[in-house]
Amino acid sequence: MAAAGQTFAYLVVLSSLQAFEATEVPHNQVNGIVHGTVYLNPKLPVPEEYKQIIWWFDGSLKILTKKRDQPVSYLNGFFHNKLCYHENHTLEIVQVQKQGSGIFRIEVENNQSKTQSEFIQLNVYEPVPKPSVNVTIRANKDGWCNVTLKCTVNATQVAYHWYKNEKDFVGKNSSTLDDQLKSESHASYKCVVSNPVSEETGLVYYRSPCTWDEKNSAVPLSLARKTADSILAFGFLLLVHNWV
């Protein structure tokens with residue numbers, strides 16, 4: 001029984017030593033845009049008396065080594081001339097590309113040859129291009145204008161959001177929108193397409209009875225009244241001038 005207890009204690013100590021020698025910190029995520037710059041800032045505590053620090057990409061590709069009191073050694077490869085290692089152990093990557101998406105790992109080895117690692121997921125996205133809104137009229141009778149609006153964009157991994165007259169269409173998060181109009185004289189529809197790093201907007205405008213255009217040709221009532229008042233005032237002054 002005593003022997004069994006000693007064996008258990010030995011296994012617990014051995015397991016604790018192994019966990020200390022190669023511990024891993026859960027990874028976080030960083031988003032970047034193509035041709036932009038990203039900063040991978042590890043949260044892993046680095047001892048002052050570290051032996052060396054190694055950055056890896058996708059598990060097996062070593063991209064740099066930093067030994068204590070020695071210059072950084074950058075390795076040739078996909079990230080050549082795109083990396084900058086900072087003294088706070090942040091890794092700066094310039095001119096990032098889609099192919100640069102993946103898991104980066106910082107490995108810290110202390111002066112007792114024990115290592116700790118942290119993983120950082122980098123996601124690189126293309127900027128969202130300008131979308132267009134296509135209109136399909138499903139019915140136009142009895143004063144009703146029933147339409148389907150489709151937001152079209154040459155991109156993947158994007159989210160959609162719709163607005164009518166600058167008011168949020170809650171829950172309308174697909175590329176298509178069905179709507180019915182009857183009493184409105186005019187309205188505007190906006191489709192916002194986004195990814196984690198950029199967004200673009202497509203617009204289309206409605207005019208009664210069932211006319212659609214990408215340009216806003218509807219004149220606000222307040223502006224129409226101001227224009228009419230200006231014309232009347234100018235006509236009155238012209239009449240007075242001729243009479244004098």
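Three strands form an open sheet in the order β2-β7-β6, with antiparallel pairing. Its edge strands are β2 (38-40) and β6 (83-85), each of which pairs on one side only. From one strand to the next, the twist averages 20°. The axes behind this value are lines fitted to C-alpha atoms, for helices over the stretch in contact, with angles from 0 to 180 degrees between N-to-C directions. Strands here are DSSP runs (E, at least two residues), numbered from the N terminus. Two strands pair if DSSP finds at least two bridges between them. In general, strands of a sheet pair through backbone hydrogen bonds, either parallel or antiparallel.

The model is predicted: local features need pLDDT of at least 70, side-chain atom pairs count only at pLDDT 80 or more, and totals for chains, interfaces and linings use all residues. Residues are numbered from 1 along each chain as its sequence is written, and side-chain values use heavy atoms, with hydrogens and water left out.

Within the sheet, β2 and β7 (residues 91-93) pair in the antiparallel sense over three bridges. Val38 has Ile93 of β7 as its bridge partner.

Strand β14 (residues 176-181) contains Asp179. Asp179 is buried, at 14% relative accessible area. Buried means under 20% relative accessible area, exposed over 50%, and partly exposed in between (1.4 Å probe, protein chains only). The side chain of Asp179 makes a polar contact with the side chain of Tyr189, at 2.5 Å. A polar contact is a pair of N or O atoms within 3.5 Å; within protein, one must be able to donate a hydrogen and the other to accept it, and residues adjacent in sequence count only if both atoms are side-chain atoms. Leaving out residues up to four places away in sequence, Asp179 touches Arg138, Cys145, Asn146, Val147, Lys164, Phe169 and Tyr189. Such contact means heavy atoms within 4.5 Å.

Backbone geometry was also examined. Most residues other than glycine have a negative phi, and most peptide bonds are trans. Ser113 has a positive phi, near 65°. Ser113 is found in the loop between β8 (102-110) and β9 (115-125). Ser113 is partly exposed, at 43% relative accessibility. Glu166, also not a glycine, has a positive phi of about 65°. The loop between β12 (159-164) and β13 (167-168) holds Glu166. Glu166 is exposed, with a relative accessible area of 55%.

A cis peptide bond joins Ser208 and Pro209, with omega about 10°. Pro209 is found in the loop between β16 (198-207) and β17 (211-213).

Notes
Helix = DSSP H or I, 4+ residues; strand = E, 2+ residues; numbered from the N terminus.
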